[in-house]
Amino acid sequence: MSRNQLKTLPSAITRITALKKIYVNNNELYFEGVPAGIGKLHNLEVFSAAYNQLETIPEGLCRYHWLVSLRCRC
């Protein structure tokens, strides 16, 4: 989903429990655009959101002991 000028991620993404990788680089995402339930994706290993408008990341992502890669660059 990179390079698509996304401002928000659909909340339905939190229901894809088998999801392992999310790449949303080079968009226009703000903190409010990341669904709060993203922390419930227990199979998620990669969340890459470099070059967005994120100043903070959802707390749920910080609690992942299984998250291998978290990329958030301004």
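**View 1. Ser 11 in the segment before strand 1.** In this predicted model, Ser 11 belongs to the segment that precedes strand 1. Ser 11 is exposed, because its relative accessible area of 53% lies over the 50% cut-off. A separation of 18 Å is found between the C-alpha atoms of Ser 11 and Thr 56, two residues that stand 45 positions apart along the chain.

**View 2. The contact between Ser 11 and Thr 14.** Thr 14, like Ser 11, is located in the segment before strand 1. A polar atom of the Thr 14 side chain lies 2.7 Å from the backbone oxygen of Ser 11. When neighbours within four places in sequence are set aside, the residues in contact with Thr 14 are Pro 35, Gly 37, Ile 38 and Leu 41.

**View 3. The salt bridge between Glu 28 and Lys 7.** The side chains of Glu 28 and Lys 7 form a salt bridge, with an N to O distance of 3.1 Å. The count of salt bridges in the model comes to 1. This pair connects distant parts of the chain, 21 residues apart: Lys 7 is in the segment before strand 1, whereas Glu 28 is in the loop between strand 1 and strand 2. Glu 28 is partly exposed, since its relative accessible area of 28% falls between the cut-offs of 20% and 50%. Lys 7, at 52% relative accessibility, counts as exposed because that value is over 50%.

View 4. Strand 1 and strand 2 (residues 46–48) run parallel and are joined by 3 bridges. Opposite Tyr 23 stands Ser 48, a residue of strand 2.

View 5. The protein has a mean pLDDT of 86, with 93% of its residues reaching 70 or more. Confidence is highest in strand 1 (residues 21–23), at a mean of 93, and lowest in strand 3 (residues 69–71), at 71. Where pLDDT is low, predicted coordinates should not be read in detail.

**View 6. Positive phi at Arg 3.** Arg 3 is a residue of the segment before strand 1. The phi angle of Arg 3 is near 60°, a positive value in a residue other than glycine. Most residues other than glycine have a negative phi. With a relative accessibility of 66%, Arg 3 counts as exposed, because this value is over 50%.

**View 7. Positive phi at Tyr 51.** Tyr 51 is placed in the loop that runs between strand 2 and helix 1 (59–62). Here too phi is positive in a residue other than glycine, with a value near 60° for Tyr 51. Tyr 51 is partly exposed, because its relative accessible area of 40% lies between 20% and 50%.

Methods. Residues numbered from 1 in each chain as written. Predicted model: local features only at pLDDT ≥ 70, side-chain atom pairs only at ≥ 80, totals over all residues. Heavy atoms only, no water. pLDDT = per-residue confidence, 0-100. Helix = DSSP H or I, 4+ residues; strand = E, 2+ residues; numbered from the N terminus. Pairing = 2+ DSSP bridges. Salt bridge = Lys/Arg side-chain N within 4 Å of Asp/Glu carboxyl O. Buried < 20%, exposed > 50% of the residue type's maximum accessible area, 1.4 Å probe, protein only. Polar contact = N/O pair within 3.5 Å; in protein donor to acceptor, adjacent residues only side chain to side chain. Contact = heavy atoms within 4.5 Å.
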